[in-house]
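Me: Could you walk me through this protein model one question at a time? I am new to reading structures.

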Amino acid sequence: MLQTHTIINQKETIVIKYGGNAMVNDEIKRSVMLNICELHAAGHRVVVVHGGGPFINSILEKVQITSEFIGGHRKTTPEAMKYIEMTLLGEVNSGLVTLINHLGQRAVGLSGKDGGLARASKRFHQEEAENPVDLGQVGNIDQIDPTILFDLLDKNYIPVVACVAPDEQGNTYNINADMMAGAVAGAISADHYCVLTDVDGLMMDKDDASSLIQQLQVHELQPLFQKVIVGGMIPKIESCQIAIDNGAQSARIVNGTRLKTLTDAILEHKPIGTIISK
């Protein structure tokens, strides 16, 4: 059953980046989707952008395609891309849509290909280097046209977006979910951009949970790279920068494995996670 909440500011727009190991734990997945349904039922306009790394790993292993990671990105051959797209859209996206609908709200699945939502271009590792590394069908997001998202939000749907997008020639690219979610949040001027991860936020010392940084402004982030912002936190922080630089009002990194994380953060205004503002 959905909990009821009172909202002071009606119709705030929220973009939620969902992915990682929380996707393969059915209890956590249901908890997150229930939180999303509660946000929607309370009057907010919600967009979900998801990855699917664990599912992609599984299918590529089954079909005996070896995954090579370069600079945190999965080198993607045309054969691998076929299975990645099939998994992201046919398994992950449709599964999330089905679950949200089952929980009582109305979701619609789409990818960057639908309605001209996203335009991508080929990404190279170390693009500034003299000999950049070809990552295959891995792309950067060049443009987001949010028209289809606004159409769905206006009709009271929850858009659920898989991170696949075409270039101008119609070639399909695998897009990093953090980067695409940040671009979407910026393009629709989200009031809240929430990145779900498996830690409580950005720590001054990644091994010390008591060193959580509760609030930062965007201009304070750059000096923290290399010593504080490291490993898997790098793309999450970069996606927050993309979101805010392109129009989102605020970004927050929160622990998606905890119950009620989203409703506590957005509806109850609790100071959880790391909040990044302009």
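Predicted model: local features only at pLDDT ≥ 70, side-chain atom pairs only at ≥ 80, totals over all residues.

Me: In what order do the 4 strands of the open sheet lie?

Reply: Let's start with how strands join up in general. Strands of a sheet pair through backbone hydrogen bonds, either parallel or antiparallel. In this sheet the pairing is mixed, and the order of the strands is E6-E7-E10-E9.

Me: Which are the edge strands of that sheet?

Reply: Look for strands that pair on one side only. Neighbouring strands here are turned by 55° against each other on average, ignoring direction. The two edge strands are E6, residues 118-125, and E9, residues 164-166.

Me: Which residue in E10 is the bridge partner of Pro166?

Reply: Strands E9 and E10 pair in the antiparallel sense over 3 bridges, with E10 covering residues 172-175. For Pro166, the bridge partner in E10 is Thr172.

Me: What angle does the direction of helix H5 make with that of E7?

Reply: Two helices are worth a look here. Helix H3 (residues 78-102) packs on the sheet and touches E7, E9 and E10, and its direction makes about 65° with that of E10. Helix H5 (residues 177-187) also packs on the sheet, where it touches E6, E7, E9 and E10. With the direction of E7, the direction of H5 makes an angle of about 10°.

Me: How many residues apart in sequence are the parts that Arg119 and Glu168 tie together?

Reply: The structure holds 9 salt bridges, and one of them joins Arg119 to Glu168, with the closest N and O atoms 3.8 Å apart. Arg119 sits in strand E6, while Glu168 is in the loop between E9 and E10, so this pair ties together parts whose separation in sequence is 49 residues.

Me: Is Asp264 buried or exposed?

Reply: Asp264 and Lys270 meet through their side chains in a salt bridge of 3.7 Å, N to O. Lys270 has a relative accessible area of 38%, so Lys270 is partly exposed. Buried means under 20%. Asp264 has 13% relative accessibility, so Asp264 counts as buried.

Me: How far apart are the end C-alpha atoms of helix H6?

Reply: Helix H6 runs over residues 233-245, which makes 13 residues. At 1.5 Å a residue, H6 should span 18 Å. The model agrees with this, because the end C-alpha atoms are 18 Å apart.

Me: What do the buried residues of H6 pack against?

Reply: The buried residues of H6 include Met233, Ile237, Cys240 and Ile244. An α-helix has 3.6 residues a turn, so residues three or four places apart point the same way. The buried residues of H6 pack against H5 and strands E11, E13 and E14.

Me: How far apart in space are Val15 and Ile188?

Reply: Val15 is found in strand E1, residues 13-18. With a relative accessible area of 0%, Val15 is buried. Beyond its neighbours within four places in sequence, Val15 is in contact with several residues, among them Val47, Ala181, Ile188 and Tyr193. Although Val15 and Ile188 are 173 residues apart in sequence, their C-alpha to C-alpha distance is 8.9 Å.

Conventions: Residues numbered from 1 in each chain as written. Heavy atoms only, no water. Pairing = 2+ DSSP bridges. Axes fitted to C-alpha atoms, helices over the stretch in contact; angles between N-to-C directions. Contact = heavy atoms within 4.5 Å. Salt bridge = Lys/Arg side-chain N within 4 Å of Asp/Glu carboxyl O. Buried < 20%, exposed > 50% of the residue type's maximum accessible area, 1.4 Å probe, protein only. Expected span 1.5 Å × (residues − 1).
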